[in-house]
Amino acid sequence: MLAPRSTAIAIVLSLLGSLGAQEPWKRHTIDNTSRGADGVRPFDVNGDGLTDLCTGWEEGGVIRAYLHPGHAAVKQPWPAVTVGNVKSPEDAVFMDINGDGAVDVVSSCEGRQQTVFVHIAPKNPEDYLEESAWKTEPIAASENQSRWMFALPWQTKKEKPLELIAGSKSPNGAVGIFRQDDPNTWSWKKLTDAGWIMSLMTEDMNQDGHADLLYSDRKGKRRGVYWIDRAGDPQSTAPKLIGGTDHEVMFLDSADLDQDGFRDVVCSTYGDTILWFRRTSNVPVFAQIEIPMPPNTGTGKSVRVADVDLDGHNDLVISCGNAGKKHGVMWMQKREGEWVAQPISGVKEGIKFDLLQLIDLDGDGDQDVLTCEERDNLGVIWYENPAR
């Protein structure tokens with residue numbers, strides 16, 4: 001919840017020169033051979049210490065997994081496999097569904113498909129990139145229930161069964177849990193109604209040593225940023241409001257932005273504002289601070305926190321939609337109390353950028369920026385951080 005009597009604090013944005021005057025980062029393409037890449041999720045599926053990826057291609061109707069090729073070849077297109085063909089995928093995430101050690105993929109579909117699918121990986125690691133070795137099955141409890149938008153594998157303890165938390169948008173928008181009652185059957189338990197789920201994230205919100213669910217709901221009467229205490233009374237799933245009800249909230253992140261020892265929440269909005277929910281103690285009470293977006297940018301989509309330039313201070317990385325001839329991906333650093341914007345994508349290409357992941361893909365010690373772009377069909381791409 002918001003701190004008592006707190007008000008949104010506008011932080012004046014000052015540009016060091018012009019965003020357009022700075023050099024964009026070098027872009028590398030992982031895959032651009034389908035249409036409508038819609039979010040990318042990371043996980044090391046083969047235990048080689050390198051980050052692999054999966055994504056759904058919304059217009060192309062394919063779900064793909066990508067294996068990191070090693071640092072020497074990382075700037076080239078990555079080895080890939082189409083793990084399944086579905087309609088209107090909005091999200092894909094890695095998850096070992098059956099506990100056999102082979103990492104499978106779960107896809108969430110909206111449109112007329114309205115189903116969550118599991119894509120079962122081959123048990124033999126040598127067959128991982130063989131399309132014919134994968135098997136796609138629907139989760140029956142999800143079929144024709146809602147427009148599924150995002151999924152989060154969930155396991156609080158190793159001895160506990162693996163669950164899948166899923167979020168959807170109206171009609172019948174909800175956040176809930178899919179559980180496997182046996183190897184062939186899934187059940188569904190709704191946690192709360194929702195309008196349009198954007199983010200689902202694991203975070204210990206009340207510092208009790210147990211993971212809680214942090215999420216953003218974009219539309220409707222329940223829009224805002226919330227958390228659910230999953231370690232308390234199992235019958236109590238009432239969402240706890242953090243803030244953002246007066247904004248169309250998009251993707252969020254959780255991190256200690258101001259490095260005061262307490263983890264904050266940041267959330268992009270479909271507009272010209274980044275919301276910083278600042279915490280000053282272990283108690284989950286937040287002050288809502290508004291950080292204006294730079295001029296000549298698209299509408300906010302995703303935000304992440306990282307020390308981009310390795311100066312010891314946390315920065316913000318932002319992606320945007322509606323960015324034709326505007327800045328679609330950028331980063332912002334705080335200098336003498338003011339947020340200063342620097343370009344990543346530039347303005348020459350890209351219209352609809354998506355969920356951000358910050359990962360050192362080339363192994364040089366700084367955080368590169370990984371995302372998808374849907375409208376110019378740049379595909380699954382990453383921007384090489386020049387800090388090193």
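Q: How far from the sulfur of C267 is the closest cysteine sulfur?
A: In this predicted model, local features need pLDDT of at least 70 and side-chain atom pairs count only at pLDDT 80 or more, whereas totals for chains, interfaces and linings use all residues. Residues are numbered from 1 along each chain as its sequence is written, and side-chain values use heavy atoms, with hydrogens and water left out. The closest cysteine sulfur to that of C267 belongs to C320, and it is too far for a bond, at a distance of 13 Å.

Q: How many disulfides does a search of the whole structure find?
A: A disulfide is a pair of cysteine sulfur atoms within 2.5 Å. C320 is in no disulfide, its nearest cysteine sulfur being that of C267, 13 Å away. The search of the whole structure gives a count of zero.

Q: Is C267 buried or exposed?
A: A residue is buried under 20% relative accessible area, exposed over 50% and partly exposed in between, with a 1.4 Å probe and protein chains only. The relative accessibility of C267 is 0%, so C267 counts as buried.

Q: What is the relative accessible area of C320?
A: C320 belongs to the buried class. Its relative accessible area is 0%.

Q: How many strands does the chain have?
A: Helices (H or I, at least four residues) and strands (E, at least two) are DSSP runs, numbered from the N terminus. The chain has zero helices. Its number of strands is 29.

Q: Which strands stand at the edges of the open sheet of four strands?
A: This sheet has the order β23-β24-β25-β26, with antiparallel pairing; two strands pair if DSSP finds at least two bridges between them. Each edge strand has a single partner strand, so one side of each is left without a neighbour in the sheet. The edge strands are β23 (299-306) and β26 (338-343).

Q: Which residue of β24 stands opposite V303?
A: Strand β24 covers residues 315-321 and pairs with β23 in the antiparallel sense over seven bridges. The residue in β24 opposite V303 is I318.

Q: What radius of gyration does the chain have?
A: The radius of gyration is taken over C-alpha atoms, and the globule rule is 2.2 Å times the number of residues to the power 0.38. For 388 residues, a compact globule would have a value near 21 Å. The chain agrees with this, at 20 Å.

Q: What share of the residues of the chain count as buried?
A: The C-alpha trace spans about 55 × 50 × 35 Å along its principal axes. Of the 388 residues of the chain, the buried share is 55%.
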